[in-house]
Amino acid sequence: MHYVSAEGLTKSYGINPLFRNISFHINEGDKIALIARNGVGKSTLLRILNGEETLDEGKIFIHKDVTVALFEQDPKFDESKTVLENIFHTNHPVMNVIREYELASESEDGEALVELFGKMDDLNAWEFEVKVKQILTKLNVHHLEQPVRDLSGGQRKRVALAKTLIDIGFDHQHTLLMMDEPTNHLDVEMIEWLENYINQENVTLLLVTHDRYFLDAVSEEIWELERENMYVYRGDYENYMEKKAARIESEMASIDKAKNEYRKELEWMRKQPKARTTKSKSRQDNFYEVESRAKQKIEDAQVQLQVKMSRLGGKIIEMKKVYKSYGDLPILKGFDYNFSKGERIGIIGKNGVGKSTFMNMLQQLEPADSGKVNVGDTVVFGNFSQQGLVIKENVRVIEYVKNIAENFPLANGGSLSAAQFLELFLFTPDKQYTYLNSLSGGEKKRLQLLSVLFKNPNFLILDEPTNDLDLPTLAVLENFLSDYQGCVLIVSHDRYFMDRLVDHLFVFEGEGEVRDFPGNYTQYRLWLKDNEKKDNKWQALEETKSKGSTTEEAIISKAPVAINQPPAVPKKKPTFKEKKEFEDLEKEIASLESERDQLTNEMSNPEMNYDKIEIISKRLTAITNELETKELRWLELSELM
């Protein structure tokens, strides 16, 4: 089914065109990711399709049976109403009874629940109620009677997302779901659940996101808005990067060719007499086309920046037997760690386990309950927080940066001016003279990040730096951090960003426990899954042992009872070879566990260099896989013994 047709769309703000004469089609089942630099029209295009903004030129046709649902970066609510009233805003019998049922469930009103059970049965509402309960639980949406005006920014985003998903789940036949940065303010578990949910619902999707793993998981096609045009790429993000690089290379070659032609035509134009023939008039018109092609500028966000960083001394930060609690909630229990030069550490954990408190303690913004946090004299912190940019009235972008410093020092002895540094982070000369209060949300985030880096710190603390940043800016930031010689501490839900930059993780597990994991986020998730499998197998074995039966007997006991069931097959006796294998496995498992413990202890050495850490990390992964294989075989043989 054909959902949307757009022909010749043009939209400008003032003299600045966002896009010009673009056309596209959306069919049922399409899953499209829309990417572009901040401020060039991604959100505007979504609002145009949703009927909230008008076009300068062009036509849009949306099939009469298609419902358009838009999840926005800045969600709109009825501030006078509760969370529940905003989520279940549709006046429909099924939605009404589910709203009453959710309220009764939260307030544990037994009498109301008994009455509502019957209504739910009458309306066949149970299937949809299960979906509603899953959405609210997974997005951590509780306190449904709380007024929306009292919610934090993150809570508002999750409530808006729940509202959108419930709306399309209630009537998702022929719905075009448009989502503008849905993963902001979600933790990683929520993002992974959302990926699965969107794929299961089989919706038609137009998505704006900076999360590259999420993009790959839910989309099959990428549209890019660039230099007023739209470019379409089939496939994943990696394919898009390859095809875009090839396109830019081709365009550069075309521009070089046009420049050569332009020089020849310019010479001809200068020699032309004032009286022009029809033939010369035609050539003159062609000259202006050639001039336009020759003067095109192709911007590439791949940046290499050799920073002259403030020197880090031998002592960076030492944490010794650090304890910290908030009331009854323990944050750290005897935490010990010495930071080394060039460390890149990711911090992960659920909300409320103390990640922000830990970062504040490092900067000595919050005291420890006991223990020591010693910061070296040479440490210069750069703190990118979630609070955002402090906007000053009537101050231009270039003035704001120059108030920090006039120049940025480079390792080769040179420097970049404030204007050059701004261009590096994708602020064009025109944009540099824009007032701060006129910047988009993403542009303000980009300027905040630039301001932190421009102070030339040697210990960076980045708290959710990828929120509201576009993919071109993320490429600049990642390239900058890849060459950065100082320490970096990152809290981020962006798995791609974490995987590319961190060497190891501080995993805040709750109750004051912090695990130092030797690897990136993806390696940690694989390790978790491996351990969950092993725990489940060991638990099944222990349950079987506690019942005094073998695994074979346990399986038989759970099997359906059959008429005239044949007698159980006598238990097989182990062969000599199997006995020998069993004995060897016990020794091999013990040896591998000993090696694993030794390597884990070595990883705690703060003086260890990155190459050694990488070697040990790979060996630990191999040991984990080998142990799982051998332990499974040992379990099989133990049944025979």
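Is Gln-387 buried or exposed? Gln-387 is exposed, with a relative accessible area of 70%. The model described here is predicted. This briefing covers its salt bridges, its nonpolar cores, a charged surface patch, and several residues in loops and helices. The count of salt bridges comes to 31, and the largest nonpolar core holds 56 residues.

**Salt bridges between distant parts of the chain**

- Glu-478 and Arg-212 form a salt bridge in which the closest N and O atoms are 2.6 Å apart. This pair links distant parts of the chain, since Glu-478 belongs to helix α16 (residues 471-483) and Arg-212 to helix α8 (residues 212-218), 266 residues apart.
- Glu-478 counts as buried because its relative accessibility is 1%, under the 20% limit for buried residues. Arg-212 is buried as well, with a relative accessible area of 2%.
- Arg-446 and Asp-470 meet through their side chains in a salt bridge of 3.3 Å, N to O.
- A salt bridge of 2.9 Å, N to O, joins the side chains of Glu-588 and Lys-630. Glu-588 sits in helix α20 (residues 576-603) and Lys-630 in helix α21 (residues 610-640), and the two residues are 42 apart in a pair that links distant parts of the chain.
- Glu-588 is partly exposed, with a relative accessible area of 33%, whereas Lys-630 is buried at 18%. The value for Lys-630 falls under the 20% limit for buried residues, and the value for Glu-588 falls between that limit and the 50% above which a residue is exposed.

**A salt-bridge network**

- Salt bridges link Glu-224, Glu-226, Arg-227, Lys-244 and Arg-247 in a network.

**A patch of negative charge**

- Asp-216, Asp-236, Glu-238 and Glu-242 gather on the surface in a patch of negative charge.
- Asp-236, one of the patch residues, is located in the loop between β9 (229-234) and α9 (237-271). The relative accessible area of Asp-236 is 35%, so this residue is partly exposed.

**Nonpolar cores**

- In soluble globular proteins, nonpolar side chains tend to be buried together.
- The largest nonpolar core here has 56 residues, and within this core Phe-421 and Leu-447 touch the most other members.
- Another core, of 47 residues, lies apart from the largest one and includes Met-120, Leu-144, Ala-160 and Ile-168.

**Residues with a positive phi**

- Asn-456 is not a glycine, yet has a positive phi of about 60°. Asn-456 is placed in the loop between α15 and β17, and counts as buried at 10% relative accessibility.
- Glu-511 is not a glycine either, and has a positive phi of about 55°. The loop between β19 (504-510) and β20 (513-517) holds Glu-511.
- Why does Glu-511 count as exposed? The relative accessibility of Glu-511 is 52%, and residues over 50% count as exposed.

**Residues apart in sequence, with their separation in space**

- Gln-387 lies in the loop between β14 (381-384) and α12 (397-402). Gln-387 and Asp-463 are 76 residues apart along the chain, and their C-alpha atoms are separated by 9.6 Å.
- Asn-609 is found in the loop between α20 and α21, and is partly exposed with a relative accessible area of 47%. Lys-341 is 268 residues from Asn-609 in sequence, while the C-alpha to C-alpha distance between them is 9.1 Å.
- Lys-579 is part of helix α20, and is partly exposed with a relative accessible area of 41%. Lys-579 and Ser-638 are 59 residues apart along the chain, with 9.5 Å between their C-alpha atoms.

Methods. Residues numbered from 1 in each chain as written. Predicted model: local features only at pLDDT ≥ 70, side-chain atom pairs only at ≥ 80, totals over all residues. Heavy atoms only, no water. Patch = residues over 30% accessible without salt bridge, like charges linked within 9 Å, V, L, I, M, F, W, Y side chains within 5 Å. Areas by Shrake-Rupley, 256 points an atom, 1.4 Å probe, with all protein chains shown as cover. Salt bridge = Lys/Arg side-chain N within 4 Å of Asp/Glu carboxyl O. Lys, Arg positive; Asp, Glu negative; His and termini not counted. Charge placed at Lys NZ, Arg CZ, Asp CG, Glu CD. Helix = DSSP H or I, 4+ residues; strand = E, 2+ residues; numbered from the N terminus. Buried < 20%, exposed > 50% of the residue type's maximum accessible area, 1.4 Å probe, protein only. Core = buried A, V, L, I, M, F, W, Y, C linked by side-chain atoms within 4.5 Å.
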